[in-house]
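I'm jotting down what I look up as I go.

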Amino acid sequence: MKLSDPRTLAALPELGVERIGGASLAERTSLGIGGITDLLLIRRHSALPELIALLRGAGVAYKFLGGGTNLLVKDGELPWVVLQLAHQEPGVRLEGNTAQVDAAADLGRMVTFCAKNDLGGMEGLIGVPGTVGGALRMNAGAYGTQIGSYVRQVEIYRAAAARIEMLRENEISFEYRHTSFAPDDIMLAVKLELPSKSYREIIEGIRVCNEKRRSSQPLNQKSAGCIFKNPPGGSAGRMIDELALKGFSVGDARVSDRHANFFVNAGHATCADMLSLIAQVRERVHVAYGVELENEVILWMQ
Ligand code: EPU
């Protein structure tokens with residue numbers, strides 16, 4: 001969508017918002033799939049309520065983009081603009097055992113920044129791509145660690161109330177790849193409380209997780225990580241693998257040879273290719289195991 005309302009366009013600079021016209025979502029998502037739209041880069045959190053009121057007033061639909069690493073976006077001219085928080089490194093301020101982190105900070109860099117300051121606990125998250133905000137919204141987890149365990153406070157833009165709010169840990173629930181945040185809430189910052197650990201010990205934990213990940217996941221290919229959530233007590237990857245679906249493809253969308261729950265864009269896959277692959281694999285698993293796999297990847301279709 002191309003923003004054209006003159007009043008909206010004129011107000012953006014005053015709000016500290018930069019417009020990037022004709023931004024490609026294929027270039028901004030790890031799957032490398034997605035159409036074109038205007039992207040609004042937000043430099044001041046405090047401008048969000050006014051910006052969103054402005055867009056709503058002008059009848060402009062919007063979506064909020066984090067790191068784009070767990071996302072499948074439709075192709076072509078997109079019917080909404082995309083908002084994104086601008087980021088300044090490192091985006092982490094430490095005080096004792098607490099880390100105040102910008103939602104736009106890179107998750108992996110945040111983990112290593114804390115490690116250098118002898119704060120650990122999140123070693124398992126090291127190879128999870130994306131932003132801290134994205135990890136928070138989905139309660140990202142790996143190798144026995146989930147980010148929600150360390151959260152003490154979260155600053156969000158609460159869409160239902162159209163204002164910025166501060167939530168304490170007891171006001172948020174973190175479950176397996178699910179949180180109590182509303183789909184249209186926007187993560188702005190988080191306060192984490194982390195255990196003290198020596199840098200050497202943390203780095204050793206990071207090394208072990210990196211090795212496990214490298215040996216089991218297709219890290220050098222375009223993907224959105226795991227496509228399906230694991231069903232209770234089961235493993236989506238193992239089921240898909242047992243059905244001999246590794247390498248199964250629709251166009252350039254392909255089930256990874258390395259990890260069957262990773263679907264990769266092996267060239268110029270379209271969104272339709274990927275959706276068809278997801279639907280076919282889900283159906284095959286359903287027929288064979290009677291299990292309806294739920295998407296882990298987020299879809300932006302309308
Ligand atoms: N397996 C196979 N074949 C495969 C893949 C896996 O047989 O192609 C088997 C493995 O041998 C293992 C079991 O399935 O016995 C589980 O596999 P793995 O340890 O790789 O973990 P996963 O359950 O498939 C989960 C998360 C990953 C996370 C890893 C490591 C989900 C949906 N996935 O994968 O997260 O990195 O554990 O902790 O919860 C993601 O969220 O995008 C993601 C990649």
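Before anything else, I need the cut-offs: buried means under 20% relative accessible area, exposed means over 50%, and partly exposed is what lies in between. I also remind myself that this is a predicted model.

**Entry: Ile164**

I start with Ile164, which I find in strand S11, residues 163–168. Is Ile164 buried, partly exposed or exposed? Its relative accessibility is 29%, so I put Ile164 down as partly exposed. Next I list who touches Ile164, skipping neighbours within four places in sequence: His45, Ser46, Pro49, Glu155, Ile156, Tyr157 and Leu188. I also check Met187, which is 23 residues from Ile164 along the chain.

**Entry: S6 and S7**

Now a pair of strands. S6 covers residues 92–95 and S7 covers residues 98–102. In which sense do S6 and S7 pair? They're antiparallel, with four bridges. I pick Leu94 and look for its bridge partner in S7, and I get Ala99. S6 and S7 make a hairpin, with two residues between them. In the turn I note Gly96, with a positive phi of about 60 degrees.

**Entry: Asp273**

Last stop is Asp273, in helix H7, residues 271–289. Asp273 is buried, yet I find no salt bridge for it. Which side chain of opposite charge is nearest to Asp273? I get Arg254, and it's 12 Å away. Leaving out residues up to four places away in sequence, I see Asp273 touching Val250, Gly251, Asp252, Ala253 and His268.

Conventions. Residues are numbered from 1 along each chain as its sequence is written. This is a predicted model: local features need pLDDT of at least 70, side-chain atom pairs count only at pLDDT 80 or more; totals for chains, interfaces and linings use all residues. Side-chain values use heavy atoms; hydrogens and water are left out. Buried means under 20% relative accessible area, exposed over 50%, partly exposed in between (1.4 Å probe, protein chains only). Contact means heavy atoms within 4.5 Å. Two strands pair if DSSP finds at least two bridges between them. Lys and Arg count as positive and Asp and Glu as negative; His and the chain ends are not counted. A salt bridge is a side-chain nitrogen of Lys or Arg within 4 Å of a carboxyl oxygen of Asp or Glu.
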